[in-house]
Amino acid sequence: MKKIHVNTSCPYDVLIERGAVKECGKYIAEVTSARKAAVITDDTVGALYGDTVVRSLENSGFECRVFTFPHGEQSKSLSNLGDIYDFLCEFNITRSDILIALGGGVVGDITGFAAASYLRGIQFVQIPTTLLAQVDSSVGGKTAIDIKGGKNLVGAFKQPVLVLCDSDTLKTLPRDVLADGMAEAIKYGMIRDSHLFELFEKHDLDTVDEAMDDIVYTCIDIKRDVVEHDEFDRGERMILNFGHTLGHALEAWHNYTDFTHGNGVAAGMCMISDRLAPQVAGRLKKCIGAYELPVGTDIPMNELLPFCSKDKKRESDMINYIVCEEIGKAEIKKVTVSEFSRLMGE
């Protein structure tokens with residue numbers, strides 16, 4: 001087992017161990033006095049791991065009930081959040097109980113927001129089952145849902161009490177979902193660790209599993225360091241948004257239906273590097289392509305930019321964006337929305 005301690009306002013551990021899902025009840029019982037657990041999952045992950053998690057929790061003395069919703073970004077909605085609240089009421093969840101997010105980024109985000117807001121806050125655990133969730137969204141305390149105005153515009157900071165990463169769950173991922181997570185992993189190499197990026201360059205989607213334990217650990221450790229310095233996203237933590245300004249715009253243009261978050265981040269990193277850091281763009285695009293991810297888009301920039309102006313990284317008439325002029329080093333830039341449009345070549 002590998003352990004990373006995240007020293008935020010509410011400190012917690014991230015445990016990385018193959019087979020951890022089967023032992024989750026034991027690990028969760030060690031960090032909470034709660035003995036009633038509401039497991040929130042989606043229909044895909046619930047079918048794969050729901051029974052295993054419930055069995056482990058019950059063997060460790062927890063009373064359990066499971067809420068399952070349809071998989072996909074469309075479920076990260078106000079409507080589904082309301083259904084989760086109703087479920088928690090029906091299960092008589094109190095502030096001494098605990099929520100467990102079992103699934104990918106959508107499950108983790110909406111469960112975390114429910115935990116932050118239901119009864120003004122109850123404990124929750126992250127059991128991320130996708131690569132994207134393990135290396136990124138399950139750590140750091142950002143929770144959110146989407147609204148018509150944009151992605152992740154309504155949310156809260158809520159740290160989990162434990163994160164359990166089981167690399168064995170990645171073996172059940174469809175090829176495109178694994179690729180989706182690789183976009184966020186490559187991001188960490190670009191913003192902070194050139195040696196990690198070189199590791200990605202040595203592999204592709206068919207061979208990366210042999211390095212997966214090291215990849216997950218290194219990505220989480222980078223995020224831990226960034227989050228400990230800037231828990232509430234006012235400064236350094238913004239570097240984690242490399243590729244996201246244009247990436248979120250691409251997702252929004254597609255109405256969050258047929259273009260995933262990982263695809264958006266991959267294309268967004270390449271597009272901003274093409275324009276503002278051409279000296280690294282070639283290596284980045286070659287690496288991104290090896291993991292079967294998009295390196296750009298045919299959508300006209302003037303159709304994407306209106307979505308950028310609605311992004312949560314905007315401040316008044318200014319917008320923050322991230323650029324990596326060398327691999328392993330990220331810079332935060334702040335310009336007016338009109339200047340950003342000019343830089344992007346509108």
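Visitor: Where does D109 lie?
Guide: D109 lies in helix α4, residues 105-117. Helices (H or I, at least four residues) and strands (E, at least two) are DSSP runs, numbered from the N terminus. The model is predicted, so local features need pLDDT of at least 70 and side-chain atom pairs count only at pLDDT 80 or more, while totals for chains, interfaces and linings use all residues. Residues are numbered from 1 along each chain as its sequence is written, and side-chain values use heavy atoms, with hydrogens and water left out.

Visitor: Is D109 buried or exposed?
Guide: D109 counts as buried, because its relative accessibility is 11%. Buried means under 20% relative accessible area, exposed means over 50%, and partly exposed is in between (1.4 Å probe, protein chains only).

Visitor: And what is D109 in contact with?
Guide: Leaving aside neighbours within four places in sequence, D109 is in contact with K76, S137, K142, T143, A144 and N152. Contact here means heavy atoms within 4.5 Å.

Visitor: Which residues are linked with D109 in a network of salt bridges?
Guide: The network links D109 with E73, K76, D146, K151 and E251. A salt bridge is a side-chain nitrogen of Lys or Arg within 4 Å of a carboxyl oxygen of Asp or Glu.

Visitor: How many salt bridges does the structure hold?
Guide: The structure holds 25 salt bridges.

Visitor: Take E73 and K151, then. What is the N to O distance in their salt bridge?
Guide: The side chains of E73 and K151 meet at 2.9 Å, N to O. This pair links distant parts of the chain, 78 residues apart: E73 is in the loop between β4 (63-69) and α3 (78-90), and K151 is in strand β8 (residues 150-157).

Visitor: Why does E73 count as buried?
Guide: E73 counts as buried because its relative accessibility is 17%. K151 also falls in the buried class, at 7% relative accessibility.

Visitor: What about K76 and D146, how do their side chains meet?
Guide: The side chains of K76 and D146 form a salt bridge with an N to O distance of 3.8 Å. K76 lies in the loop between β4 and α3 and D146 in strand β7 (residues 142-147), so this pair ties together parts that are 70 residues apart in sequence. Both K76 and D146 are buried.

Visitor: Turning to R342 and E339, where do they lie?
Guide: Both R342 and E339 lie in helix α13 (residues 337-343), three residues apart, which is about one turn of the helix. Their side chains meet in a salt bridge at 2.6 Å, N to O. R342 is exposed, with a relative accessible area of 52%, whereas E339 is partly exposed at 27%.

Visitor: Now the helix packing. At what angle do α6 and α7 pack?
Guide: Helix α6 (residues 175-192) and helix α7 (residues 194-201) pack at about 140°, with their axes 6 Å apart. That makes α6 oblique to α7. Axes are lines fitted to C-alpha atoms, for helices over the stretch in contact, and angles run from 0 to 180 degrees between N-to-C directions. Angles under 35 degrees count as roughly parallel, over 145 as roughly antiparallel, 65 to 115 as roughly perpendicular and the rest as oblique.

Visitor: Which residues in α6 and α7 meet?
Guide: M182, A185, I186, Y188, G189, M190 and R192 in α6 meet S194, L196, F197 and F200 in α7. By class, the residues of this contact divide into eight nonpolar, two polar and one charged. Ala, Val, Leu, Ile, Met, Phe, Trp, Tyr, Cys and Pro count as nonpolar, Asp, Glu, Lys and Arg as charged, and the others, Gly among them, as polar.

Visitor: And α9 with α12, how far apart are their axes?
Guide: The axes of α9 (residues 244-253) and α12 (residues 301-308) are 8 Å apart, and the helices pack at an angle of about 105°. That makes α9 roughly perpendicular to α12. In this contact, T245, L246, A249, L250, A252 and W253 in α9 meet M301, E303, L304, F307 and C308 in α12. The contact of α9 with α12 has nine nonpolar residues, one polar and one charged.

Visitor: Which helix holds H248?
Guide: H248 lies in helix α9, and H248 counts as buried at 7% relative accessibility.
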